[in-house]
Amino acid sequence: MIEAVGLTKRYGAKTAVYNLSFQVRPGAVTGFLGPNGSGKSTTMRMILGLDQPTSGHVTIGGHPFRQLPNAPRQVGALLDAKAVHGGRSARNHLLSLAQLAGIPARRVDEVLGVVGLQDVAKRRSKGFSLGMGQRLGIAAALLGDPQVLLFDEPVNGLDPEGILWVRNLMKKLASEGRTVFVSSHLMSEMALTADHLIVIGRGQLLADMSVKDFISANSADFARVRTPQTAPEQREKLTGVLTEAGGQVLSEPDGAMRVTGLALPRISDLAHDADVRLWELSPHQASLEEAYMRMTQAAVDYRSTEDQLAGLQQPVPPGYAPPQPVIPEVPQQGWYAPPPPGQNPYAGAPAAAPVAPQAAPAVPPAAAPAPAPAAAPDLTKRENDEDAR
Amino acid sequence: MASVPAVLQSEWTKIRTVSSTSWTLASALLVTVAMSAALCALMKATFDELSPAERATFDPTFISFSGMILGQLAMVVFGVLVVGTEYSSGMIRTSLAAVPQRATFLFSKIAVAAALALVVGLATSFLSFFLGQALLGEHRTTLGADNVLRAVIGGGLYMGLIALFSMGVAAMLRSSMLSLGILVPFFFLISQILSAVPKAKEVAKYFPDQAGAKIMQVVPEALNTEKAPYGPWGGLGIMLIWVAAALVGGYLVIKKRDA
């Protein structure tokens, strides 16, 4: 159990974390989300007593970290994969940490096996890749078999196999009743790993709720309904019936209908009563990525701008007007969460979108995060992406 | 609480598993012994050219430690790296997450490194002495002579204290490069130059290396050196004050500042 109360950290004039209060409970994986520079790592360091909070306090199991008896046996942490002396071998690094807590040397070989580094145990960590460094850091966290585990961006630099392994490891640790606190900026990863979410932006708490609540609180669920393309009159009929029953119906570019405000069984019943055949009736839930983007849009510190390449332009001879770069009129907002129906200015006029619906989604480069390695939420995201156009 | 023996054991593992430990300590020993031996041999060859006053105050013990001017720099590097690499690698955060007690962590680390530096320092000192005396031929002295044993053991203490002082400075500055950039020029150039400049040498006398080096002299005014206002043990005491100040400063920094 980690408990933060009114945690505030100022570096000179810059406030990194402001009045942050939350609890991290045992038996669940708690995801700690926020854009770059939102104060995640600072908070992690304060939990570990490395940074002193300007005000407020944070305790682990009721004790401030610095007063914990035998801290390595109670709290394991991965803060920075590269925070090892490069000239020391992986095994010796872990051995020096093990000796602090009176952990026998054979436990070192055990955790090296757990993270899959037994073959490079004698090699200097200087030559390790980022992924190997992450594994070494995770090994150090697991060393004391602690009840509380903190991981700062554990999947950075890991290959897909490693990501899957970390995901399962977190879940297993939580299922054993441990407190697992994982920071990440990869939403799709957290959707698969975390049970509970704490979201911060600009050092302030934005959300503290379960993953499920988070998604439904931050996005609109909708049903996609498709009628036979051969019978447009059925489509009009169904639209009328659904609107009459209190639903909102929007057209999608490929001819499907997006229905909100009605449960799936009710839509089916109404269609049956109206004698309309359905080719598709599917529930859609916004992905965590979308919900998160929507929430933190206002709290992003480092936002990229369009690269105008102005500094590379040749001086223009007088009298010659260079062609202006054409910026495609892609609706910026459409890439994020699907806006609640009725409020989307683009949904009603799909023909105006310059990109063909079947084309690969050309996401605006300005807002594109690294593609998430996990496939599942990514697919839903792209699907909605196309739908929104 | 992380127990002190556990931290000491861990720090011993840390210090013996990096190659910088062996090469800095080995070069401290080799450079000092080799340079001292060379100067002893030179002194024997040119002894007849010395002025009568210089011959009268000839200090065969002190001359056999003359390589320490260069050898102490390797000790400085050793001391700085032991503490500084924790910061430059980021290991400090891992270490302090495992040992939240700042004093236990810092002083265990320093104790292990200082003990090692002292052992190497004493070995250096005795080797330099015996090799130097062998090369001095008829001008030699022996361990049994007045104050000679004190000077030889003092040479080892001096090396250890130089390393200890460097660790304190590195803990204060939290950076290997910065600490080396200050300490190496200080010991190798500034202190040596100022001790030869009139007026400035009145201050330079109280520098840690100038004061501490007096413990190695058997003849107080040997080879034109100035007579100091303190004795050999007084000089070592001055050096100890410097070391204590550096260590207290280093402790306050690690205690107060965010890691």
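Q: In this predicted model, are α5(B) and α6(B) roughly parallel or roughly perpendicular to each other?
A: Let's start with the geometry: helix α5 (residues 68-89) and helix α6 (residues 91-98) of chain B pack with their axes 5 Å apart, at an angle of about 100 degrees. Angles of 65 to 115 degrees count as roughly perpendicular. The two helices α5(B) and α6(B) are therefore roughly perpendicular.

Q: Which residues of α6(B) make the contact with α5(B)?
A: The residues of this contact divide into 3 nonpolar, 2 polar and 1 charged. From α5(B) come B:Glu86, B:Tyr87 and B:Ser89. On the side of α6(B), the residues are B:Met91, B:Ile92 and B:Ser95.

Q: What is the radius of gyration of chain B, and what does the globule rule give for 259 residues?
A: The C-alpha atoms of chain B fill a box of roughly 65 × 35 × 30 Å along the principal axes. The radius of gyration is close to the value from the globule rule, so chain B is as compact as a globular protein of that length. The two values are 19 Å for chain B and 18 Å from the rule.

Q: What percentage of the contacts in chain B with a separation of 6 or more is between residues 24 or more positions apart?
A: Burial gives some background here: of the 259 residues of chain B, 50% count as buried. For the contacts with a separation of 6 or more, residues 24 or more positions apart account for 84%.

Q: How many helices and strands does chain A have?
A: Now let's turn to chain A. Buried residues make up 41% of its 389 residues, and of its contacts between residues at least 6 apart in sequence, 72% join residues at least 24 apart. The secondary structure of chain A comes to 12 helices and 13 strands.

Q: Which strands stand at the edges of the open sheet of chain A?
A: This sheet of 6 strands has mixed pairing and the order β5-β6-β7-β3-β8-β9. Its neighbouring strands are turned by 15 degrees against each other on average, direction ignored. An edge strand has a single partner, so one side of it is left without a neighbour in the sheet; in chain A these strands are β5 (75-78) and β9.

Q: What is the bridge partner of A:Phe32 in β8(A)?
A: Strand β3 (residues 28-33) of chain A pairs with β8(A) in the parallel sense, over 4 bridges. In β8(A), the partner of A:Phe32 is A:Ile198.

Q: Where is A:Arg202 found?
A: The phi of A:Arg202 is near 50 degrees, a positive value in a residue other than glycine. With 19 other C-beta atoms within 10 Å, A:Arg202 is partly exposed. Its place is the loop between β8 (196-201) and β9 (204-210) of chain A.

Q: Is A:Ser125 buried or exposed?
A: A:Ser125 sits in the loop between α4 (105-114) and α5 of chain A. Leaving aside neighbours within four places in sequence, its contacts include A:Val84, A:His93 and A:Leu136. The cut-off for burial is 20 or more other C-beta atoms within 10 Å. A:Ser125 has 23 C-beta neighbours inside 10 Å, so it counts as buried.

Q: Which element gives the largest share of the side of chain A that touches chain B?
A: Finally, look at where the chains meet: the contact takes 32 residues from chain A and 25 residues from chain B. On the side of chain A, α2 (71-74) and α3 (90-100) each supply at least two residues. By class, that side has 16 nonpolar, 11 polar and 5 charged residues. The largest share, 6 residues, comes from α3(A).

Definitions and conventions
Residues numbered from 1 in each chain as written. Chains lettered and ligands numbered in written order. Predicted model: local features only at pLDDT ≥ 70, side-chain atom pairs only at ≥ 80, totals over all residues. Contact = placed C-beta atoms within 7 Å. Nonpolar A, V, L, I, M, F, W, Y, C, P; charged D, E, K, R; others polar. Axes fitted to C-alpha atoms, helices over the stretch in contact; angles between N-to-C directions. Parallel < 35°, antiparallel > 145°, perpendicular 65-115°, else oblique. Buried ≥ 20, exposed ≤ 12 C-beta atoms within 10 Å, placed from the backbone. Rg over C-alpha atoms; globule rule 2.2 N^0.38 Å. Pairing = 2+ DSSP bridges.
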